[in-house]
Amino acid sequence: MTAPAGGSTRTAVWIVVPIAVVLSLLILLLATREPATERAINFELRGEIAPLIEGEGLDGVWFDIDDHSNQWVVVNFFSTTCVPCVREHPELVEFEARHAPLNDVVVVSVAFDDAAANIRAFFDDFGGDWPVISRDTGSIAVAYGVVAVPETYLVGPGGVIVEKLVGGVTADQLDGLILSAGGA
Amino acid sequence: MRPRVLSWLTLVVVSLSVLVFVAVDERSPATNADKAYALATEFACPVCQGQSVAESDVPVARTIRREIRVWVDEGRTDEFIRAQLVANFGEDIDYTPAASGVTSLVWILPVVVGAVALGGLAVVFRRWRDEPDRTANADDEAIVAAARRRR
Amino acid sequence: MSNSSLGAASVALGLAAAACAVVVVVMGLAGRRPGWFREARLLTWVMMFAATAAVVVMERALITRDFTVAFVAEHGSSQTPALFNVATLWSALEGSILLWTLVLCGYVVAVVLKFRTQGDDPMLAWALLTLFLVAGFFFALMVGPSAPFDRFAPPLGYDGPGPNPLLQNHILMAFHPPILYLGYVGFTVPFAFAIGALCTGRVGEGWLLATRRWTVMAWGYLTLGIVLGAWWSYETLGWGGYWAWDPVENASFLPWLTGTAFIHSVMVQERRGMLRVWNLSLVISTFALTILGTFITRSGVLQSVHAFVESGIGPWLLTFLAVIVIVSLGLIGWRGDELRAPGKIDSPVSREGAFLANNVLFAAFAFVVLLGTIFPLIVEAIDGRTISVGNPYFERMTMPIGFVLLFLMAIAPVLPWRKTTGEVLSDRLHWPAWIGAGSMVAAALLGARGWSPTLAFGLGGFAGGSALRQVVLATRRQGWRGLVGRTNGGMVVHLGVVLIAIAFAASNAYVRQGEFTMAVGDTAQISGHTLTYEGSRLTEYSNRTEKSARVLVDEAKVYEPAIAQYPFAGRTIGIPSVRSTWTDDIALSVLTFPEGSGDTVVLRATVQPLIVWLWIGGLVMAAGTVLAVVPGKRRRPTAPTSAPPTSHEVLL
């Protein structure tokens with residue numbers, strides 16, 4: 001760093017070599033990193049007990065996920081302004097219709113950063129007859145670690161989170177997951 | 001010289017007492033909103049690029065902000081809130097690297113490097129002190145004199 | 001001829017000219033070509049012509065909305081306002097490299113003109129060789145992975161999306177990047193001369209004197225660029241923030257730190273002939289850090305609001321960085337011991353001792369910033385975890401360094417060279433120290449609380465008093481000339497730094513933020529200010545639709561933060577509105593207009609004191625740099641290095 005007077009004539013080499021090693025490591029590090037956008041998003045909850053979901057549905061009926069511990073629960077986080085949410089909605093309707101007679105699955109929608117009035121209009125327009133929690137959903141979303149809607153969590157009987165699906169689901173996909181997890 | 005010494009003494013006393021006063025006196029205690037805002041700046045918005053929860057306007061940041069406020073209002077500790085968010089969103093939501101394990105390096109390395117640099121400086125200064133002063137000899141004086149004449 | 005082919009031809013011409021210039025200089029160095037400098041000069045002009053032509057063609061394509069050029073198709077739009085149409089050039093990767101190249105060619109031309117009488121100097125030859133290689137690299141980038149003139153076949157009626165809306169809603173965007181590039185690229189010149197000095201083994205101060213002004217100029221541009229960037233963030237991003245320790249911000253800050261260290265320690269070399277290797281290393285690191293910054297900004301390895309989209313340019317820049325590091329370290333290892341100067345620093349409490357301390361601190365600062373920036377990558381490489389390093393880390397680590405730097409800034413300007421006595425220090429620092437103590441008392445009386453901001457005000461006052469003392473003494477002695485020259489200009493820069501330090505401490509420590517949901521007529525209180533919502537308004541522009549909230553601030557004036565929808569870009573952004581006064585700023589931004597609940601707005605208000613002084617401080621720093629570049633009073637070589645205190649000084 002500073003140039004001390006005197007000393008052996010090899011001082012420069014002794015200083016340069018360790019610096020060179022550190023810098024080579026740095027360049028190697030930068031060269032081997034994937035672009036940030038391709039790194040996976042964390043999913044911390046697989047295999048964990050699903051966080052509590054309770055609240056008043058649009059129809060005024062109280063929903064509590066613990067009342068459904070012997071069923072599969074599909075938890076769908078959505079908002080009315082999100083395009084993929086609109087796109088996946090018919091699939092959820094179809095899925096719910098398939099399972100309604102069997103009573104083995106319950107779908108619950110949780111609004112994400114959206115107004116209750118919008119939610120009501122959304123379900124009036126696009127159909128869907130299942131519990132929809134529209135008020136004070138922030139804590140639920142934070143508990144599930146929702147970062148961007150739509151996000152769908154598949155909760156198995158016993159309340160354990162089996163899978164997380166990002167960016168829209170299809171009815172067949174959900175059925176496939178339930179089947180491969182040994183249910184229904 | 002006396003008044004000057006007195007003046008410096010007064011200065012030190014004044015400065016220290018002001019510092020102690022401002023450190024001890026809390027005229028306006030932080031409100032819950034302030035606490036929540038300060039906390040929100042310490043977490044990364046999970047979907048944004050390089051913005052904190054306090055800064056971003058995307059829904060998830062708004063949601064987390066509100067939740068932090070709820071926790072603060074409930075009287076939760078900072079540690080609880082930190083642990084909750086890390087558990088739900090992953091370690092990378094926390095802007096403060098943990099002071100344990102591999103991440104502690106980010107705290108330790110600068111201190112180590114700083115200590116080495118200071119130690120190096122101390123060594124160099126010791127060497128310089130022990131080195132004899134160079135004094136101008138007659139030849140040097142002659143060169144300087146010649147240079148002066150030329151101007 | 002189409003814009004695409006013209007542009008591509010210009011770029012190819014530039015690359016060819018740079019390559020020829022490299023060959024010519026190499027032959028000149030080998031002694032085979034006596035007239036090499038004349039030819040190299042000619043080729044420099046060809047390069048400059050090529051770069052200018054490429055930029056002109058691109059601007060023409062942007063202005064005429066020639067969508068057959070892929071860059072225009074991807075980033076231009078017929079909806080973009082004229083000024084931002086021009087600025088679209090530097091809003092995306094390929095164009096930014098083009099601008100970079102143009103600036104670099106401008107600097108090479110300036111070097112060739114400045115040193116036109118020294119054509120037979122091998123050091124100049126090596127420096128020019130370095131410059132041509134760097135320029136050649138950037139031209140090669142534009143031929144290879146970052147080709148700006150790729151073709152595109154637009155379907156009928158095609159219109160582009162326009163630049164990122166955030167980049168086209170503020171006038172500062174037109175100035176911040178070019179000025180930043182003038183700074184970044186400017187460090188290439190001292191770097192080239194450092195390489196020249198190492199290659200020729202000309203260990204004297206020649207290269208330093210030759211490039212001193214260039215370095216100071218580049219530093220000034222970089223400073224101004226960074227401050228304008230902070231200002232732009234503050235005005236457009238809407239959270240009241242101006243500095244977020246974001247990787248890209250850090251990337252511009254790193255060369256600034258090492259550059260600042262250099263322009264201080266270079267004075268030790270000039271005066272005492274010492275620290276040669278260290279100074280060479282600083283110049284080289286500064287340049288290497290600009291390339292590292294370019295890599296970080298453009299490779300997508302780190303996440304940032306400011307990053308360009310990921311591109312194939314990363315490996316090229318990294319290879320280039322590796323070459324710079326290998327060549328420089330090799331040269332230093334080879335020449336280092338020859339470069340060592342005799343001489344010693346007699347006392348740590350002396351001007352040179354203070355500069356040494358300054359350098360250790362700036363180096364430590366740069367180390368902390370670099371480590372924090374790349375640390376997530378290190379952890380990921382070691383055990384695959386993803387972590388973040390942000391604000392809390394940088395603030396905690398850099399705050400102590402900042403305090404010591406402020407303290408040093410207070411005492412260093414009054415320290416004589418070689419050694420000093422307590423009496424001299426007591427004389428010279430007496431009033432500055434009282435100014436410092438006075439600022440603390442004043443701050444406490446005005447309501448400042450908390451030890452760290454108060455200490456910052458105190459040290460800031462101390463450093464400011466010290467700089468002011470030097471300026472006053474110099475102007476008393478020399479009249480207006482007491483304001484120009486490096487030392488005096490430097491003191492003006494210090495005053496700017498003090499303003500920024502105080503504003504930074506105040507705005508960070510006393511920020512208040514609130515989110516309010518308001519219906520028409522509602523009022524909200526924040527930090528003693530009253531906000532009244534008066535309703536919303538919809539405005540159509542050629543390229544966007546704005547829904548603005550009319551907010552009456554303190555019952556005096558209406559401010560209109562808005563949300564703008566850019567249909568072509570398919571994006572919605574917030575447009576904050578800021579009420580600035582000398583004492584505090586209120587930044588307003590609209591979070592949403594919730595639907596289905598009448599005319600309601602969710603408003604965010606951020607109140608921060610003294611913000612305006614950040615920008616004033618930046619301008620003072622820029623002005624000080626200009627003053628520093630104006631030649632000051634020539635000091636006779638035989639003049640005593642540190643004048644004994646005059647009667648004025650004793651009085652002060």
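Residues are numbered from 1 along each chain as its sequence is written, while chains are lettered from A and ligands numbered from 1 in the order in which they are written. In this predicted model, local features need pLDDT of at least 70 and side-chain atom pairs count only at pLDDT 80 or more, whereas totals for chains, interfaces and linings use all residues.

In chain A, strand β3 spans residues 72-78 and is mostly covered, with seven of its seven residues buried. Helices (H or I, at least four residues) and strands (E, at least two) are DSSP runs, numbered from the N terminus. A residue is termed buried if 20 or more other C-beta atoms lie within 10 Å of its own, exposed if 12 or fewer, and partly exposed in between, with C-beta atoms placed from the backbone. In a regular strand the side chains alternate between the two faces of the sheet. In β3(A), W72(A), V74(A), N76(A) and F78(A) point one way, V73(A), V75(A) and F77(A) point the other way, and all are buried.

β3(A) pairs with two strands of chain A, where pairing requires that DSSP finds at least two bridges. Its pairing with β4(A) (residues 105-111) is parallel and extends over seven bridges; the pairing with β6(A) (residues 151-155) is antiparallel and extends over five bridges. F77(A) has V110(A) as its bridge partner in β4(A) and stands opposite E151(A) in β6(A). Together with helix α2 of chain A (residues 83-99), β3(A) and β4(A) make a right-handed β-α-β unit; a crossover is right-handed if, with the strands pointing away from the viewer, the path from the first strand over the helix to the second runs clockwise. P150(A) is found in the loop between α4 (138-144) and β6 of chain A, and a cis peptide bond with omega of about -5° joins V149(A) to P150(A).

At the interface of chains A and B, 21 residues of chain B are in contact with 19 residues of chain A, contact being defined by C-beta atoms, placed from the backbone, that lie within 7 Å. The largest share of the chain B side, eight residues, comes from α3(B). By class, this side has 11 nonpolar, four polar and six charged residues. Ala, Val, Leu, Ile, Met, Phe, Trp, Tyr, Cys and Pro count as nonpolar, Asp, Glu, Lys and Arg as charged, and the others, Gly among them, as polar.

Between chains C and B, 56 residues of chain C are in contact with 49 residues of chain B. The largest share of the side of chain C that touches chain B, 11 residues, is supplied by α13(C). The residues of this side divide into 31 nonpolar, 18 polar and seven charged.

Chain C also contains an open sheet of four strands in the order β1-β10-β9-β8, with antiparallel pairing. Its edge strands are β1(C) (512-519) and β8(C) (577-580), each of which pairs on one side only. Eight bridges join β1(C) to β10(C) (residues 600-609), and E515(C) has R604(C) as its bridge partner in β10(C).

Two residues of chain C other than glycine have positive phi values. W245(C), with phi near 55°, is found in the loop between α9 (206-237) and α10 (247-272) of chain C, and counts as buried because it has 20 C-beta neighbours inside 10 Å. L275(C), with phi of about 65°, is placed in the loop between α10 and α11 (276-299) of chain C, and counts as buried because it has 26 such neighbours inside 10 Å.

Definitions and conventions:
Two residues are in contact if their C-beta atoms, placed from the backbone, lie within 7 Å.
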